[in-house]
Amino acid sequence: MGKVVPITGNYAVAYAAKMARVQVVAAYPITPQTSIVEKLAEFIESGELDAVMIRVESEHSALAATFGAALAGARAFTATSSHGLLYMHEWVHWTSRARVPVVMAIVTRTIGTPWNIWPDHGDFMDQRDTGWILGFGMDNQEVFDLTVQAFKISEDPRVYLPVMIGLEGFILGHTTMPVELPDQKELDDWLGPRRQGYVIDGREPLAIGNLAWPEDTEEMFMDIQKAMEEAKQVIKEVDESYGKLTGRRYGGLIQCVGCSNAKYIAIAMGAWAGDLIEAVQKLRDEGYPVGVARIRFVRPFPTEDLWKIINGVKGVIVFDRAISFGAWGQIYTDLVAGLAQYTRNLPVISDIVAGIGGVNVTHTDFYKLVKNFVDIVEKGEQPPVFTWYHKR
Amino acid sequence: MAQTRPKPPLPYRMRDIVLPGDAACPGCPIPMAWKVLAAVFREKMILVIPACCSSVVVGAYPGNSIKASVVHVAFASAAAVASGIAEALKKRGVNDVQVIAWAGDGGTADIGMASLSGAAERNHDMIYIMYDNEAYMNTGIQRSSSTPFGAWTTTTPIIGKTEHKKDVARIMIAHGVPYVATASIAYPHDFYAKLQKARRIRGFKFIHLHAPCPTGWRFDPKYTVEVAKLAVETGLWILYEYYDGKIRLSGPSRPYMDPAKRKPIEEYLKLQGRFKKITPEKIEEIKKYTEMYWDWIKRYM
């Protein structure tokens with residue numbers, strides 16, 4: 001059996017990378033990610049983790065070196081935040097398009113300007129079009145579990161895509177919670193050796209990335225779309241087999257709390273989903289038939305799973321901690337686009353953008369917002385489609 | 001003069017590793033240099049190539065004109081990807097393959113400078129080769145920091161470049177890496193010997209390879225080797241090696257320590273359309289700069 005340790009979300013990531021036996025770590029410090037790199041450096045220098053640390057000179061090089069190591073057959077890992085993630089953006093695309101399995105943790109932080117170190121999801125949501133699988137944790141245990149699962153998902157031959165695991169800076173990153181670490185031997189057996197589509201190590205002449213004509217290029221990208229579809233099943237299988245190992249199952253792409261008999265569904269992703277669940281539980285005690293669908297994966301987007309829950313409900317309230325300026329929150333946009341394939345008769349769907357720039361949103365805010373939404377719909381009125389919830 | 005004794009051919013069979021059917025312009029120095037690489041490493045090399053002429057020259061998918069491993073990477077990151085590959089191979093115990101970052105002057109002296117400096121400072125086990133055609137040739141002859149003073153490019157179209165060439169080899173020496181060398185495609189035996197030396201040294205090795213581009217320098221493609229040779233014979237391009245804290249002048253450049261033995265710089269310039277409008281004052285400036293370059297070399301010999 002595993003053992004329970006009190007660790008921060010960042011350390012949960014570092015422990016997960018260690019227990020996945022990564023062989024190469026290439027990273028660059030940035031608040032609030034830094035303690036992941038520091039912990040991994042300590043693991044490596046103390047000999048607890050048999051890996052090489054490449055202390056690169058930038059995030060662009062961090063992912064480039066991680067890509068190189070993964071290409072040459074090593075299990076490789078990196079982590080970053082916010083501007084670091086934006087700085088490496090070119091490599092985020094390059095890595096997925098080369099179909100190289102890599103895992104990267106994103107400790108979310110608001111994008112500047114102005115300078116801001118507090119968390120929202122803007123940096124993470126900015127990655128939706130990159131071809132990476134995007135998972136997001138709610139607490140430190142899930143962050144640990146998701147990170148080890150990310151290696152298994154990434155290295156599945158049906159997928160062979162890189163995986164990002166998100167966690168909010170400070171809220172999870174620097175907050176200590178009890179985390180159960182599985183038995184190393186059992187985890188080794190579950191995860192298995194490194195798998196990847198091809199290895200560049202000189203054993204045979206192999207070229208990757210040559211100029212390709214439009215049709216060839218398009219076919220390569222069509223295959224990524226196919227892999228994303230297959231990843232939905234792989235994520236569920238990995239959740240299930242990991243559940244057998246640890247007793248912890250999260251439900252795959254989304255986690256549902258009280259959805260089965262709900263007439264209203266509240267949707268959120270990340271640590272604040274915990275506050276939402278708390279608020280909704282209070283509302284249920286008061287007779288409000290509300291359930292929570294917590295987004296665990298943004299890519300592939302869990303359209304089918306959400307439709308199963310939403311089909312037949314009266315209203316859906318989406319909480320987005322990021323904004324696509326000039327449009328809406330990204331979860332809302334993806335949800336509405338996804339549901340349109342099933343029905344022309346959507347339930348009432350409202351988007352609440354909140355918590356931007358790290359503004360604190362508590363369970364009392366969620367209580368108020370969800371209650372207000374349900375009350376309006378029950379009265380037969382139309383709540384606003386979009387609200388930027390701001391308090392000072 | 002030097003180089004009168006004929007050299008034996010390099011141990012390389014034509015069309016063995018560097019295959020026909022590449023996408024190079026006529027007279028391109030890139031496949032010439034690759035043949036020298038192949039003579040040293042055969043197929044046991046991993047070329048990490050950022051955006052540059054070579055990304056095209058190597059050929060379009062699913063073809064590949066080199067029978068060795070090629071990794072195309074985003075522009076600024078050849079040295080960073082090569083760092084990752086080198087460390088992973090070491091970790092996996094693979095030690096029979098040479099990791100080579102193969103980048104142009106833009107990918108090295110400009111956009112790639114930070115990742116190059118990082119990889120050099122960390123001393124990863126690789127050979128970094130900057131093949132220097134002295135401008136952004138793949139995008140159509142734009143000025144780079146490695147373009148020489150006075151040269152026409154499409155972004156210095158009327159008055160020519162007003163700054164001198166960035167000396168990347170000297171910057172690499174300042175990094176304290178175990179091996180730095182300059183080379184020229186006109187002297188394959190010298191280049192071959194330098195690669196052989198570099199492969200036996202562990203850590204970061206840098207080779208700055210002078211590679212005249214007929215398309216961008218505006219000369220007849222049949223003169224690629226001639227132009228490269230003139231750069232050395234006029235003393236503009238100096239072949240040397242740096243290791244153990246000292247510069248060692250290479251054979252082809254040795255006679256030109258004596259300015260009297262050098263050919264006039266004008267002979268080099270007049271072959272190239274990019275210097276067509278150069279003024280006598282600017283030629284004087286180039287001569288002055290060349291003397292300063294030699295003075296620096298002599299100080300560290």
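## Exercises on chains A and B

Apart from neighbours within four places in sequence, Asp365(A) is in contact (heavy atoms within 4.5 Å) with Asn360(A), Tyr389(A) and Lys391(A). The model is predicted, so local features need pLDDT of at least 70 and side-chain atom pairs pLDDT 80 or more, while totals for chains, interfaces and linings use all residues. Residues are numbered from 1 along each chain as its sequence is written, chains are lettered from A and ligands numbered from 1 in the order in which they are written, and side-chain values use heavy atoms, with hydrogens and water left out.

**Exercise 1.** Describe the setting of Asp365(A) and the polar contacts of its side chain.

*Solution.* Begin with the place of Asp365(A), which is in helix α13 (residues 363-378) of chain A; helices are DSSP runs of H or I with at least four residues, strands are runs of E with at least two, and both are numbered from the N terminus. Next, take the relative accessible area of Asp365(A), which is 5%; buried means under 20%, exposed over 50% and partly exposed in between, with a 1.4 Å probe and protein chains only, so Asp365(A) is buried. Then turn to polar contacts, which are pairs of N or O atoms within 3.5 Å; within protein, one atom must be able to donate a hydrogen and the other to accept it, and residues adjacent in sequence count only if both atoms are side-chain atoms. The side chain of Asp365(A) reaches the backbone nitrogen of Thr362(A) at 2.8 Å, and a polar contact of 2.7 Å joins it to the side chain of Lys391(A).

**Exercise 2.** Explain why helix α9 of chain B is described as largely enclosed.

*Solution.* First consider the count: 7 of the 10 residues of α9(B) (residues 224-233) are buried, so this helix is largely enclosed by the rest of the structure. Now name the buried residues, among them Val227(B), Leu230(B) and Val232(B). Their cover includes α1 (29-41), β5 (179-184) and α10 (265-270) of chain B. Finally, look past the helix, where Gly235(B) follows with a positive phi, near 85 degrees.
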